[in-house]
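Keep it short, and give the cut-offs.

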Amino acid sequence: MYNTVDTLNEFIIERQADFPYAKGELSRLLTHIALAAKVVNREVNQAGLVDILGTTGDINVQGETVQKLDDFANTKFAIALKGSSECCGIATEESQDIIKFDTDMAKDGKYIICIDPLDGSSNIDVNVSIGTIFSIYRRISPRGHVAQLQDFLQEGTKQVAAGYIIYGSSTMLVYTTGRGVNGFTLAPSIGEFCLSHRDIQIPLNGSIISANEGYYKQFSAGVRRYLDYCKDIDEETNRPYSSRYIGSLVADFHRNLLKGGIYMYPPTEKFKTGKLRLIYEANPMAMLVEQAGGMAVDHDGGRIMDLVPNDLHQRVPLYIGSRNMVEKLNDFIEEEEEQK
Ligand code: P6P
């Protein structure tokens, strides 16, 4: 008797029943995202072999050099989302303004998507895992017309779905529609994402800290004290913790989601409001981590998903991961504030 394999498509259909009023639009959208992920995955895996490495010479809205694979991923996801006819527009890291889809079917689309097509792309040339991050909202502008900016400036609590694809030793798609987090591993032999991590829960405690400690001296006193606390020797609380940081949010987040840990990007001299972008990095990761039992806050200890965006590319400080670790960091930051 062979083991039945839950493919992503089967899982999406099964779970659609959870949403009695769902008519399949979100399911179709997720299916198109998975298709684009397979196309991007093929190129990422061959990046060292075909002329897709290196840069296009363009500079994106972040002032970062656009790697060819960035461009490729951005185009493939935009084509797939436009073709789904369920999405009326996207906000992407690679474009200053929203991209409004103008076909009649797309204009009638119920959803908008915020996407970082290839996060961590500076790691492409050194073969470190990179990822795609996406966040799905219901539009608030009237259907039958092009998307409007306010569709994209909703707080994270309004997300209907969020997820990422990690292009690593294996390629995985991890997503939530607000009923838990599930992970699917791409089986190249059959070209299907298969359920491999059902109902992911992040450990309440962890012993991994992920931060660029090259900026340690630029961090606030509270953050520095937390990092020092993590390095104290205390067997009872399993310290010192391990430091794991590979400069690719999706890869660092994914490891901490499965094993427990905290990812931190505090304010620095260069990024005084943090480096991570709210609508297509922090919010989707915050929805995932909360659905998995974790926590995501900014430097004031406020819930990331409560922040009301005022700009498509707004940056925020991000502390995200195991609940007890995020709360402990928050205590150190609050203590610092009280001493001011
Ligand atoms: P730094 C990649 O550019 C990214 O947005 C995240 O994926 C990653 O965690 C972070 O920036 C790395 O930033 O300043 O440590 O190189």
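Predicted model: local features only at pLDDT ≥ 70, side-chain atom pairs only at ≥ 80, totals over all residues.

Residues are numbered from 1 along each chain as its sequence is written, and side-chain values use heavy atoms, with hydrogens and water left out. The ligand sits in the largest pocket, where sitting means that more than half of its atoms lie within 2 Å of the grid points.

**Largest pocket**

- The volume of the largest pocket is about 560 Å³.
- A pocket is an open set of points on a 1 Å grid over the protein atoms alone, with protein on both sides within 12 Å along at least five of seven lines. Lining residues have an atom within 4 Å of a point.
- Points are joined across faces, edges and corners, and a volume is the space filled by probe spheres set on them.
- The lining has 28 residues; closest to the pocket centre are Glu-64, Gly-120, Ser-122, Gly-247 and Lys-275.
- At least two lining residues come from each of β2 (65-67), β5 (111-119), α6 (249-259), β13 (262-265) and β14 (276-277). β5 gives the most, with three residues.
- Helices (H or I, at least four residues) and strands (E, at least two) are DSSP runs, numbered from the N terminus.
- By class, the pocket lining has eight nonpolar, nine polar and eleven charged residues. Ala, Val, Leu, Ile, Met, Phe, Trp, Tyr, Cys and Pro count as nonpolar, Asp, Glu, Lys and Arg as charged, and the others, Gly among them, as polar.

**Ligand shell**

- Around the ligand are 13 residues, and the closest are Asp-119, Tyr-245, Leu-249, Tyr-263 and Tyr-265. A residue counts if one of its heavy atoms lies within 4 Å.
- This shell holds five nonpolar, four polar and four charged residues.
- A polar side-chain atom of Tyr-265 is 2.6 Å from a ligand oxygen atom.
- For Lys-275, a side-chain N or O atom is 3.0 Å from an oxygen atom of the ligand.
- For Tyr-215, the corresponding separation is 3.3 Å.
- On its own the ligand has 400 Å² of accessible area, and the protein covers 86% of it. Areas come from the Shrake-Rupley method with a 1.4 Å probe.

**Cavity**

- There is one cavity of 30 Å³ or more. In a cavity, a 1.4 Å probe fits but cannot get out.
- The largest cavity has a volume of about 30 Å³. Leu-8, Ile-12, Leu-30, Ile-33, Phe-134, Leu-173 and Tyr-175 line it.
- Two or more of these residues come from each of α1 (8-16), α2 (25-46) and β8 (171-176).
- The cavity lining is seven nonpolar residues, with no polar and no charged ones.

**Backbone**

- The Arg-239 to Pro-240 peptide bond is cis, with omega near 10 degrees. Pro-240 is in the loop between α5 (221-231) and β12 (242-243).
- Ser-85 is not a glycine, yet has a positive phi of about 65 degrees. Ser-85 lies in the loop between α3 (68-84) and β3 (87-92).

How values were computed: Polar contact = N/O pair within 3.5 Å; in protein donor to acceptor, adjacent residues only side chain to side chain.
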